[in-house]
Amino acid sequence: MKKLSKDIAAIILISIAYVVTFAVIAVYYCSVKSESKNMKETALSSGSFDGTTYSLSDFDVKIGPRGGDSGAWLKDPIRDENKNILHGPSVGIIYEIVITNTGDAVITDWTADVYMPEFMWLNNGWNGKLEFHQSSGTEEKVQLIDLREYQSVPIELDYYIDHTGPMIPLDKGDKFIYCPSKADNEYPLEPASETEEVNSSAIVGFIVYVPDKGLDYAPVFDNVVFHYHLSRNAWDDPLFIAIVGVDIMWLVLIIALAVSHIRVRKLLKQQKHDAQIIDQSIKTFINFVEAKDPNTKGHSERVAEISFALADEMGYSSKECNDIRCIALMHDCGKIAIPVNILQKPARLTDEEYEVIKRHTKVGGDMLRDFSSIKDMNLGALYHHERYDGKGYPKGLKGEEIPLIARIICVADSLDAMNSNRCYRPKLTKEVILDELEKNKGKQFDPDIVDHVLKLIKQGVIKIGE
Ligand SMILES: [Fe+2]
């Protein structure tokens with residue numbers, strides 16, 4: 001039963017560990033998932049700049065003339081239909097925005113708010129659409145355009161067309177929002193990997209014309225704000241996998257313990273049933289024996305109870321105590337082979353009759369020889385009339401030559417005999433019984449066992465003289 005209680009305690013403790021670990025997994029997983037729902041915002045000004053690259057919290061950004069070299073070209077003055085100059089000669093420059101994922105999460109999408117450092121025309125843009133915020137009039141004009149296909153929708157912004165396409169003027173402080181194209185693989189951007197080829201970098205570009213500047217001029221776009229989503233895969237985190245592994249281990253342990261618990265319960269139930277069958281069989285046989293000698297009815301049962309109490313007092317396990325009880329129950333089973341006229345003789349036995357009755361030890365031992373379900377089952381019947389001083393029968397064994405179980409039954413047998421009425425005498429008083437036990441220490445009885453029985457009598461566990 002103690003084992004079952006320990007099993008249940010272990011199952012409860014491991015179940016708590018399982019639930020706690022599962023909660024940690026759930027909280028971590030939900031936090032990772034919710035992080036991807038929140039749009040993040042970061043400006044170039046929040047990062048560090050080494051002269052070519054801005055390092056932001058989740059990615060690096062390069063923004064400037066393509067290839068680092070302006071590659072600029074000059075455009076002649078532009079005139080309207082009345083030959084009025086719209087603006088003087090200007091310098092044209094191709095710009096690129098290069099973003100490289102430097103974090104451990106996927107950048108699932110991104111946009112860039114690019115603020116104009118000065119007046120300029122925006123002429124072209126690729127790998128995405130541009131949402132212009134133009135404040136040339138009293139009202140801000142906003143329009144999302146794919147400049148590669150500008151003919152497909154009417155342009156609602158201030159602009160004019162030359163041979164290179166639309167020229168869209170933007171004042172200092174105006175902005176366009178670069179909305180990169182997924183079809184051009186500008187997102188999602190995977191974390192950079194040294195072992196496999198992944199899309200961790202995006203490049204978009206645009207062309208500007210700045211009036212009244214030379215070929216060596218290139219405006220600096222340092223006011224750019226990025227918006228993006230991050231998506232992390234919990235399964236990419238070794239710690240997360242380790243925690244999930246631990247949780248699975250708890251689950252396996254719980255199942256294993258539960259299965260083991262059920263099996264042990266079944267086994268204990270079966271053992272209890274088997275013990276009942278053995279116990280009932282023994283008691284039935286004892287009823288046969290006592291039917292031949294009604295004067296000693298109940299004697300075997302009482303000897304068994306005294307032997308059980310002694311074994312328990314002497315520190316035997318619960319199973320051993322039960323076995324000793326069964327062995328003691330059968331101690332006089334050999335009497336079934338003794339003639340009734342001798343067993344029930346009310347007068348003193350003759351020497352010959354006494355020799356016959358002594359045979360019940362050997363007969364009992366032989367009868368129980370094949371009773372292997374309980375260890376040493378035959379020893380109680382065979383040796384319970386041996387004496388500690390060697391003057392007993394059937395073999396005249398001495399001291400510890402006599403099996404301990406037989407020494408226990410010997411004391412229990414004699415104690416119950418003294419405490420019972422017989423046809424030839426009434427039961428003895430408590431004082432006489434105690435005196436007899438003391439006097440026979442080391443003679444008939446094992447002195448240690450007498451000490452134990454005296455202790456049990458004193459404690460009231462074994463009751464005599466009542
Ligand atoms: Fe006996």
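Modeller: Gladly, and keep in mind that this is a predicted model. Let's start at M330, which touches I282, L368, M377, G380 and A381, leaving aside residues up to four places away in sequence.

Colleague: What makes these count as touching M330?

Modeller: The C-beta atoms have to lie within 7 Å, so I282, L368, M377, G380 and A381 are contacts of M330.

Colleague: Which residues have the most contacts inside the largest nonpolar core?

Modeller: M330, I408, V411 and A412 do, in a core of 41 residues. Helices that each supply at least two of its residues include α2 (238-292), α3 (299-313) and α10 (447-459). The largest share, 9 residues, comes from α8.

Colleague: What does the second, separate core include?

Modeller: That one has 39 residues, among them V114, L147, Y159 and I168.

Colleague: Now D80. Why is D80 called exposed?

Modeller: D80 has 9 C-beta neighbours inside 10 Å. The cut-off for exposed is 12 or fewer, so D80 counts as exposed. Its place is in the loop between β6 (78-79) and β7 (85-87).

Colleague: How far is the C-alpha atom of D80 from that of Y160?

Modeller: They are separated by 9.4 Å, although D80 and Y160 are 80 residues apart along the chain.

Colleague: And how is the chain divided into domains?

Modeller: Domain 1 is 1-37 + 237-278, domain 2 is 39-232 and domain 3 is 293-459. Taken over C-alpha atoms, the centres of domain 1 and domain 3 are 51 Å apart.

Conventions:
Residues are numbered from 1 along each chain as its sequence is written. This is a predicted model: local features need pLDDT of at least 70, side-chain atom pairs count only at pLDDT 80 or more; totals for chains, interfaces and linings use all residues. A nonpolar core is a set of buried Ala, Val, Leu, Ile, Met, Phe, Trp, Tyr and Cys residues joined through C-beta atoms within 7 Å. A residue is buried if 20 or more other C-beta atoms lie within 10 Å of its own, exposed if 12 or fewer, and partly exposed in between; C-beta atoms are placed from the backbone. Helices (H or I, at least four residues) and strands (E, at least two) are DSSP runs, numbered from the N terminus. Two residues are in contact if their C-beta atoms, placed from the backbone, lie within 7 Å. Domain bounds come from an automatic or database domain assignment.
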